Every structure is written in C-alpha cells, then in structure tokens.
Amino acid sequence: MTKLFKIFITLAGLSLVAMPAQAYEKGDWLLRVGAGSVNPKSSNSSIVSVDSGATLVFNGTYFFTPNIAFEVLAAAPFSHDIHDPTGSVKLAETKHLPPTFSIQYHFNTEGAFHPYVGAGLNYTIFFDEETTDALPDTTLDLDASFGLAAQVGADIDLTDTMFLNFDVRWADIDTEASIPEADLNFDVEIDPMVYSITLGWKF
C-alpha cells in the first residue's frame with residue numbers, strides 16, 4: 001500500500017492547487033463504485049489463518065449538514081482461502097458480504113481535497129463455506145458477525161460532479177467456526193483493514 005499512499009498524496013497536492021472548492025451541502029448524495037480489498041489481521045486463531053480477498057465495492061452517502069453524512073457500504077461477495085496457521089495448507093474457502101453503516105464527519109477544506117472520518121457498525125454474513133481434501137468428509141460453518149467499524153478517507157474532485165475516492169477502514173469481524181463431524185468449535189478473529197479506490201459522483 002506504500003505506492004498507493006504516494007499516489008494519494010500526489011493527487012491530493014495537485015487537487016489543492018488545480019481545482020476550485022466544491023464543498024458539500026445539506027441534501028447532497030454521493031455514489032461511489034470501485035475496487036476494495038479486505039486484509040485480515042495476521043493472527044486469526046491458533047487453528048486457522050485467513051487470506052485477503054478483493055472485489056467490487058460501492059457505497060452511497062447522504063449529507064444531513066455540510067459536515068455530517070450517513071454512508072452505506074456494500075460489495076459483491078468477497079472470497080477468502082482459509083489455511084492452517086502456517087499458511088502452507090489450504091483447509092477451506094468461504095465467501096462473505098460486509099454491509100457497513102457509518103456516520104461521517106467531513107472537514108471543511110479549500111481546494112478539491114475533501115477528507116473525512118467515520119464510525120459505525122458492520123454486519124458480516126459468511127456463506128458457501130467449502131472444505132478441501134485436507135479436511136475430507138467434513139463441513140465448515142461460520143457464524144455471522146456484528147461489530148464496530150471505523151474509517152478515514154478523502155474525495156478528490158475531478159470535475160464539479162465527479163471525484164476520486166481513497167478510503168481505509170477497520171472492522172471488528174469475529175466469527176465462531178464449527179466442524180460438526182469433528183465436534184470442533186473455535187473463534188476466528190478476522191478484524192481486517194479494508195482498502196478501497198473508487199470513482200464517485202455527486203448528485
């Protein structure tokens with residue numbers, strides 16, 4: 001993500017010089033569509049490790065005031081491989097959907113660079129869990145997760161109505177995993193960082 005961060009800083013600097021201010025107003029709607037990557041923390045449990053996954057993400061934002069907004073984040077299903085703790089043996093795979101609801105504060109800035117912070121709630125649904133030949137004749141069940149979420153990001157104006165967005169989130173995602181055939185139950189702490197780059201439109 002170091003290269004991405006350098007690009008973000010460069011674009012932000014150019015936007016401060018090149019574009020007039022395009023402040024948000026009460027009643028504005030924003031729609032963003034782009035790519036997102038879910039990156040679980042390195043230590044998930046003593047039994048499994050969860051790989052990263054990427055997919056299409058999209059969100060909508062409504063402004064109650066020029067500074068306060070409400071955002072709903074959605075995405076196409078993310079896919080993740082599940083390995084043993086060393087990461088050398090694939091044990092299973094799963095998909096998930098992570099709808100997230102956040103209240104945001106957008107800072108007043110000059111130019112075309114519009115940073116914000118947000119906090120809210122995440123609800124993650126796991127489905128299509130499948131085990132590999134490393135766990136023959138077994139099934140894997142993952143419970144849904146409900147937890148806090150936080151974000152920091154920025155919109156960079158390209159035109160009066162179109163902008164580029166960079167966003168970094170953290171979500172509290174914990175699931176209870178079970179393998180009924182082995183009478184095995186264990187907790188998996190995913191707690192990922194979520195990075196996204198999207199193109200947005202203001203209405």
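Tutor: A residue is called buried when its relative accessible area is under 20%. The model is predicted. By that cut-off, Tyr24 is buried, and Phe63 is buried too. These two residues form one of the four aromatic pairs that a search of the whole structure finds. Their ring centres lie 4.7 Å apart with the planes at 35°, so the pair is classed as tilted. Tyr24 belongs to the loop between helix H1 (2-18) and strand E1 (29-39), while Phe63 belongs to strand E3 (residues 53-63), so the pair ties together parts 39 residues apart in sequence.

Another pair joins Tyr62 and Phe64. Here the centres are 5.3 Å apart and the planes stand at 80°, so this pair is edge-to-face. Tyr62 counts as partly exposed, at 25% relative accessibility, and Phe64 is likewise partly exposed, with a relative accessible area of 43%. Ring pairs also bring in Trp29, which forms a cluster with Tyr62 and Phe64.

In soluble globular proteins, nonpolar side chains tend to be buried together. The largest such core in this model has 15 residues, and those with the most contacts inside it are Val48, Ile82, Leu140, Leu142, Ala177 and Val188. At least two residues of this core come from each of strand E6 (90-97), strand E12 (174-179) and strand E13 (184-189). Leaving aside residues up to four places away in sequence, Leu140 touches Ile82, Ala92, Glu129, Thr131, Ala177, Ser178 and Ile179.

Methods
Residues numbered from 1 in each chain as written. Predicted model: local features only at pLDDT ≥ 70, side-chain atom pairs only at ≥ 80, totals over all residues. Heavy atoms only, no water. Phe/Tyr/Trp six-rings, centres within 6.5 Å; stacked < 30°, edge-to-face > 60°. Helix = DSSP H or I, 4+ residues; strand = E, 2+ residues; numbered from the N terminus. Buried < 20%, exposed > 50% of the residue type's maximum accessible area, 1.4 Å probe, protein only. Core = buried A, V, L, I, M, F, W, Y, C linked by side-chain atoms within 4.5 Å. Contact = heavy atoms within 4.5 Å.
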